[in-house]
Amino acid sequence: MYREAIFIVILSIFLGIEVISHVPAILHTPLMSGANAIHGVVIIGAIIVMGHAETTGSMILGFLAVVLGTLNVVGGFVVTDRMLEMFKKKK
Amino acid sequence: MTNINIMNDISQFSFGISILEITYVIASVLFIIGLKMLSHPLTARRGNIFAAIGMILAIVATILFHQKDGKPIGNIGLILAAISIGTLIGWVIAKRVKMTAMPQLVSLFNGMGGAAAALISMMEFPNIRPELIAESGMANGHVLAILIGLVIGTISWAGSMIAFGKLDGWIGDMRIKAMKYVNLTILAVIIGFVIYIMTRNVQTAGELTPLIYIMFVIAVIYGVLFVMPIGGADMPVVISLLNSFTGVAAAMGGFLYNNQAMLTGGILVGSAGTILTILMCRAMNRSLLNVIVGVFGGGGQSNIAATGSVKEISLSDAAILLSYSKKVVIVPGYGLAVAQAQHICHELDKLLDEKGVEVKYAIHPVAGRMPGHMNVLLAEADVPYEQLIESDEINPDLPNTDVLVVIGANDVVNPAAEDDPSSPIYGMPIIKARDAKNIIVMKRGMGKGYAAIENMLFFNEKTRMLFGDAKGTLQNLVNEVKSL
């Protein structure tokens with residue numbers, strides 16, 4: 001049942017390590033910020049749980065989870081873009 | 001004949017599900033490419049946008065095509081409302097916040113993700129299917145994923161909020177010797193809870209729900225105590241670590257829903273974040289174990305007592321010294337950023353440049369509050385990219401440097417890192433400031449840096465101090481240089 005998932009996990013671990021090595025120090029902050037936005041993918045779980053919520057209690061928690069997840073995604077990407085914009089404008 | 005069978009197999013997938021899965025694959029690929037591009041200066045901005053597109057695709061596809069037991073996503077009005085609220089708030093905060101406050105902002109958003117993961121676990125726990133429990137008891141991967149998601153998500157949230165508060169200056173350090181043991185005990189209690197829950201013999205998970213709330217509270221306490229004793233200089237490492245925690249918590253949702261996008265996205269950040277954390281630890285000569293146990297940061301004792309006296313320099317002397325130099329190196333630290341002095345600093349370097357002085361910036365990897373933070377701040381002030389030199393590269397050049405100006409930096413130029421094996425920063429790579437022919441240190445007072453240790457550089461023969469707020473002092477210096 002989890003065989004496929006474990007396969008994905010192991011490959012992703014190596015991929016993460018491979019992708020991040022040899023990063024110049026100047027990009028550490030934007031990179032951390034960008035990675036921060038990517039784990040906002042948790043919002044998908046929030047949408048699923050909210051989409052099948054039936055009681056008022058779970059609706060409230062689900063709503064909160066979607067709001068928080070969105071904050072993570074939107075805030076993360078916008079802030080990263082703002083940082084990188086500054087690097088870009090001078091040639 | 002076989003062809004027809006295959007066609008039948010394909011048609012057994014409902015159309016929506018297969019589109020959803022394809023979209024998740026595309027989203028995962030975009031995350032990976034995005035992260036890869038983010039690690040090169042030229043492609044970084046596009047990489048960020050790629051990852052964002054992947055995220056939007058995954059979200060839209062989930063809302064449109066996700067099904068659970070044949071039921072599509074409901075409550076769509078509320079979901080869209082929640083997304084709109086989150087987007088509005090997130091956008092406004094992200095656009096308004098000052099660049100100096102960037103680290104705490106990353107920490108804040110990270111905490112939001114952790115909280116979302118914890119909430120998902122809390123809601124999914126009572127929903128665990130009785131059939132699953134009847135079949136394999138509570139000791140199954142589904143339950144484990146929920147519990148890990150809850151614990152790690154909560155720790156990440158609570159820890160990030162404390163990190164946010166500390167970086168923003170409204171929470172101080174709290175250091176108690178026994179903290180290490182308290183933290184380890186709490187960690188053991190949490191693991192105990194996980195084992196207890198997974199070995200219960202119950203009909204439905206709902207019976208154990210109160211335990212979930214207790215675990216949540218304990219995890220909050222752990223998250224708080226974990227970050228509380230950590231000094232400001234070590235905060236970047238903690239944020240990076242909590243960042244990878246949230247990644248793992250998000251990946252647990254991937255297990256839960258058998259969702260490939262959450263799995264790849266979460267684990268990718270989890271592993272990349274861990275590597276980034278280790279790189280940062282290495283830059284500061286710390287071990288990751290010390291971070292996890294929550295005992296490191298500041299307060300170390302040094303054998304070398306401060307001897308001699310510091311010598312001050314007047315503004316006009318400093319202006320003359322700088323104007324008639326050939327090579328000047330500026331070492332900016334967080335003090336420069338706090339004083340919002342990066343713009344006036346750039347004005348000084350332009351002024352000197354017009355006088356034929358070659359000006360460069362020496363950037364220590366951990367200058368500022370996060371690795372690379374100083375680069376972002378100087379980029380904001382329009383300092384050209386080529387003028388920013390990493391410490392390893394500039395060190396061999398320092399003996400030929402006429403004046404080295406330290407602005408609001410301390411630990412990154414402290415020679416104790418090379419001389420004093422008992423110093424807490426011993427072994428940390430530094431900018432070898434004392435190799436320069438003259439050194440001017442701009443500082444507010446004789447306070448110590450974040451590592452709270454004496455800096456012998458200030459007592460060096462070649463060093464002259466220029467006391468005052470970085471912005472005011474630089475402004476006066478600029479005026480002096482202009483009037484020469």
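Trainee: What pLDDT does chain B average, and what share of the residues score at least 70?

Mentor: This is a predicted model, and chain B averages a pLDDT of 85, with 89% of the residues scoring at least 70. For the complex, the predictor gives an ipTM of 0.93 and a pTM of 0.81.

Trainee: Which elements of chain A give two or more residues to the side that touches chain B?

Mentor: 74 residues of chain A are in contact with 94 residues of chain B. On the chain A side, the elements giving two or more residues are α1 (3-20), α2 (28-38), α3 (42-51) and α4 (56-88). The largest share, 30 residues, comes from α4(A). By residue type, that side of chain A divides into 48 nonpolar, 21 polar and 5 charged.

Trainee: How do you know that the length of α9 in chain B agrees with its number of residues?

Mentor: Helix α9 of chain B, residues 209-227, has 19 residues, and at 1.5 Å a residue they should span 27 Å. The end C-alpha atoms are 28 Å apart, so the two values agree.

Trainee: And why say that the buried residues of α9(B) line one face of the helix?

Mentor: The buried residues are B:Met215, B:Ala219, B:Tyr222, B:Gly223, B:Phe226 and B:Val227. Looking down the axis of α9(B), they fall within an arc of 105°, so they line one face. On the other side, B:Pro210, B:Tyr213, B:Ile214 and B:Val217 are exposed.

Trainee: What do the buried residues of α9(B) pack against?

Mentor: Their partners are α7 (141-167), α8 (179-198) and α10 (235-257) of chain B.

Trainee: Last one: how is chain B divided into domains?

Mentor: The assignment gives domain 1 (15-96), domain 2 (102-297) and domain 3 (315-483). Taken over C-alpha atoms, the centres of domain 2 and domain 3 of chain B are 38 Å apart.

Technical notes. Residues are numbered from 1 along each chain as its sequence is written. Chains are lettered from A and ligands numbered from 1 in the order in which they are written. This is a predicted model: local features need pLDDT of at least 70, side-chain atom pairs count only at pLDDT 80 or more; totals for chains, interfaces and linings use all residues. Two residues are in contact if their C-beta atoms, placed from the backbone, lie within 7 Å. Helices (H or I, at least four residues) and strands (E, at least two) are DSSP runs, numbered from the N terminus. Ala, Val, Leu, Ile, Met, Phe, Trp, Tyr, Cys and Pro count as nonpolar, Asp, Glu, Lys and Arg as charged, and the others, Gly among them, as polar. Domain bounds come from an automatic or database domain assignment. The expected span of a helix is 1.5 Å times one less than its number of residues. A residue is buried if 20 or more other C-beta atoms lie within 10 Å of its own, exposed if 12 or fewer, and partly exposed in between; C-beta atoms are placed from the backbone. The arc is that of the directions from the helix axis to the C-beta atoms. pLDDT is the predictor's confidence in each residue, from 0 to 100.
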